[in-house]
Amino acid sequence: MTATKGLEGVVAVTSGISSIIDGVLTYRGINIDSLAEHASFEEVLYLLWHGELPNRAQLDDLRTQLIENADIPAEMVTQIKSYPKSANPMAVLRSLVSALALYDDEAEDLSRDANFRKALRVTAKMPTLVTAFNHYRHGREYVKPKAGYTFAQNFLYMLNGQEPSSTAVEAIDKALVLHADHELNASTFASRVTTATLSDLYSAITTAIGTLKGPLHGGANEQVMVLLEEIGSIDRAEEVIKAKLAAKEKIMGFGHRVYKDGDPRAKHLQKMSKQLAELTENPTWYDMSTKVEQIVTGEKGLKPNVDFYSASVYTYLGIERDLFTPIFAISRVSGWTAHVLEQYDNNRLIRPRAEYVGHGNRPYVPLNERP
Ligand code: ACO
C-alpha cells in the first residue's frame, strides 16, 4: 500500500453537484461565469439543493423561508454572550453551529425531509450567528433578520444595523455565488466523511467549518489581508514578496490543487475589487493586489485563487478581517448541505487505509526495564 500525499488526484466520491473539468467550474452543469453574471445566491442555493434553477414562485418561497428561519433561539444569544469577546469568529461559528443541534428537535432525524429542513435552518441561521457575535464583541445588541430582504441584503443589514447600499448587496451576493460550492474541496470532503458514518447534519457542518478555518483553505482570505497590511504601500510589494519567496513562505491567495492555469472565480472578484476601488476612491488595496499578482505570477507562475481578491473586496465593503472566513462559510454551507444530502442518498462509510511507516514488530518492554 502506497499513500498518495494529500490524496492528490484521488477520486473519492461520485457527485452531480459541481464539476471542475479542464479548468471550468460548473454548479449542476451551469458555468460559474454565467451564474456570477446573472444569478442571485438564493437561485444558486436552490440549484445546488434541488438540481434545477427555481421558477419565480420557488425562489420567492425560498427567500421567505430563509428569513423566517434566520432568527436564533434565545439560548443561543445567551451562549454568545458567555463567550470571550476576543474569540476567533470561525471558532465561535464552529461552536455555535454545533450548539444549534441542541435546539433542533429534528437534529437526530436522518430522514430526507428532515435533512432538507435542517439544511434550510442551518443555512438561514449562519449569517445571524456571525453578526450576533460581532455585535456582542463590540458591545451592541444583535440585529434581528428583516422580512422581505434577500439573503445578501439581510446579512449586510444584520451586520451593520442599517439599510445596505445596492453596491454592497450586489458585491456580497456575487461573492456568495462564487463561494457556494467547489467539488470535493477539503471542507466538503470532511463533511461527507462525517455524514458517511451516519452522523447528523449539524455534526457534518461543524466538521466542515473547522476544516474551512485553516489558512491553506478558507482561512487564506484573512491571511491575504494580513499580507497586504504588512506590505503597506505598493513600493514595498516587490521587496516583501521576494523576501517571502526566498524564505520559501507561501503567498496566501495563490496556487490551487486543481487549477493550474488560474481559478475561474478570481477574475470576477478582481473586477469587483477594481469597481469598489474606483467607487471608494481608494485604489490602495486594489493596486497593491495587482502588483502582488504581477510579482507572484512572474516569479513562480502561480495565479490568484478565489481568496486573493475577495480580501480587498471585503475590505472595501468595510468588513473586519476576521469576518472574511465566516462569510465564506455563510456561502459554502449551501454546498456542504447539498453534499451531505447527496452522501446520505448514496452512502457508504468512507474509510481509506494508511501506508504504515512506523517501527516493525517490537517486543513489549516492561515498565521497570525501560531506560
Ligand atoms: N506561494 C508560494 N509557493 C507556492 C504556493 C504559494 N501560494 N502554492 C504552491 N506553492 C509552491 C509550493 O511551495 C510547491 O513548491 P515546491 O514544489 O518547490 O516545493 C509547489 O508550489 C506545489 O505546492 P503544494 O503546496 O504542494 O501544492 P498543493 O496542491 O498541496 O497546495 C494550496 C495547494 C494549499 C492551495 C497551495 O497552493 C497553497 O498553500 N496556497 C496558499 C494558501 C491558499 O491560498 N489557500 C486557498 C486555496 S483556495 C481555497 O481553499 C478556497
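This is a predicted model: local features need pLDDT of at least 70, side-chain atom pairs count only at pLDDT 80 or more; totals for chains, interfaces and linings use all residues.
Reader: How many aromatic pairs does a search of the whole structure find?
Author: Two rings pair if their centres lie within 6.5 Å. Searching the whole structure with that cut-off gives a total of 7.

Reader: The rings of Phe41 and Phe151 make a pair, but of what kind?
Author: Their centres are 4.9 Å apart, and their planes meet at 40°. Planes under 30 degrees apart count as stacked and over 60 as edge-to-face, with the rest tilted. An angle of 40° is therefore one for which the pair is called tilted.

Reader: How many residues apart in sequence are the parts that Phe41 and Phe151 tie together?
Author: Phe41 lies in helix H2, residues 41–50, while Phe151 lies in helix H7, residues 151–160. The pair therefore ties together parts whose separation in sequence, in residues, is 110.

Reader: Are Phe41 and Phe151 buried or exposed?
Author: The cut-off for buried is under 20% relative accessible area. Phe41 has 0%, and Phe151 has 6%. Both values fall under the cut-off, so the word for Phe41 and Phe151 is buried.

Reader: What separates Phe133 and Tyr136 in helix H6?
Author: These two form a tilted aromatic pair, 6.1 Å centre to centre with 50° between the planes. Phe133 is buried at 2% relative accessibility, and Tyr136 is buried at 14%. They are 3 residues apart in helix H6, so what separates them is about one helical turn.

Reader: Which elements give two or more residues to the lining of the largest cavity?
Author: There are 3 cavities of 30 Å³ or more, and the largest has a volume of about 70 Å³. Its lining is made of Val77, Ile80, Lys81, Ala132, Tyr136, Arg140, Glu141 and Tyr142. The elements giving two or more of the lining residues are helix H4 (74–80) and helix H6 (112–137).

Reader: And how many charged residues are in that lining of the largest cavity?
Author: Sort the lining by class: 5 residues are nonpolar and no residues are polar. Lys, Arg and Glu count as charged, and the lining includes Lys81, Arg140 and Glu141. The charged count is 3.

Reader: Which residue lies over the face of Tyr157?
Author: This one puts a side chain over an aromatic ring, at 5.2 Å from the ring centre. The residue over the face of Tyr157 is Lys146.

Reader: How far apart in space are Trp49 and Leu120?
Author: Trp49 is found in helix H2 and is buried, with a relative accessible area of 6%. In sequence, Trp49 and Leu120 are 71 residues apart. In space, C-alpha to C-alpha, the distance is 9.7 Å.

Reader: What value does phi of Glu183 come near?
Author: Most residues other than glycine have a negative phi. Glu183, in the loop between helix H8 (166–179) and helix H9 (186–196), has a positive one. Its phi is near 50°.

Reader: To zoom out, what is the radius of gyration of the protein chain?
Author: The chain has 16 helices and 3 strands. For 371 residues the globule rule gives 21 Å, and the chain's value is close to that, so the chain is as compact as a globular protein of that length. The radius of gyration is 22 Å.

Methods:
Residues are numbered from 1 along each chain as its sequence is written. Side-chain values use heavy atoms; hydrogens and water are left out. On a 1 Å grid over the protein atoms alone, a cavity is a set of points where a 1.4 Å probe fits but cannot get out, and a pocket is an open set with protein on both sides within 12 Å along at least five of seven lines; lining residues have an atom within 4 Å of a point. Grid points are joined across faces, edges and corners, and a volume is the space filled by probe spheres set on the points. Helices (H or I, at least four residues) and strands (E, at least two) are DSSP runs, numbered from the N terminus. Rings of Phe, Tyr and Trp (its six-membered ring) pair if their centres lie within 6.5 Å; planes under 30 degrees apart count as stacked, over 60 as edge-to-face and the rest as tilted. Buried means under 20% relative accessible area, exposed over 50%, partly exposed in between (1.4 Å probe, protein chains only). A charge sits over a ring if NZ of Lys or CZ of Arg is within 6 Å of the ring centre and within 35 degrees of the ring normal. The radius of gyration is taken over C-alpha atoms; the globule rule is 2.2 Å times the number of residues to the power 0.38.
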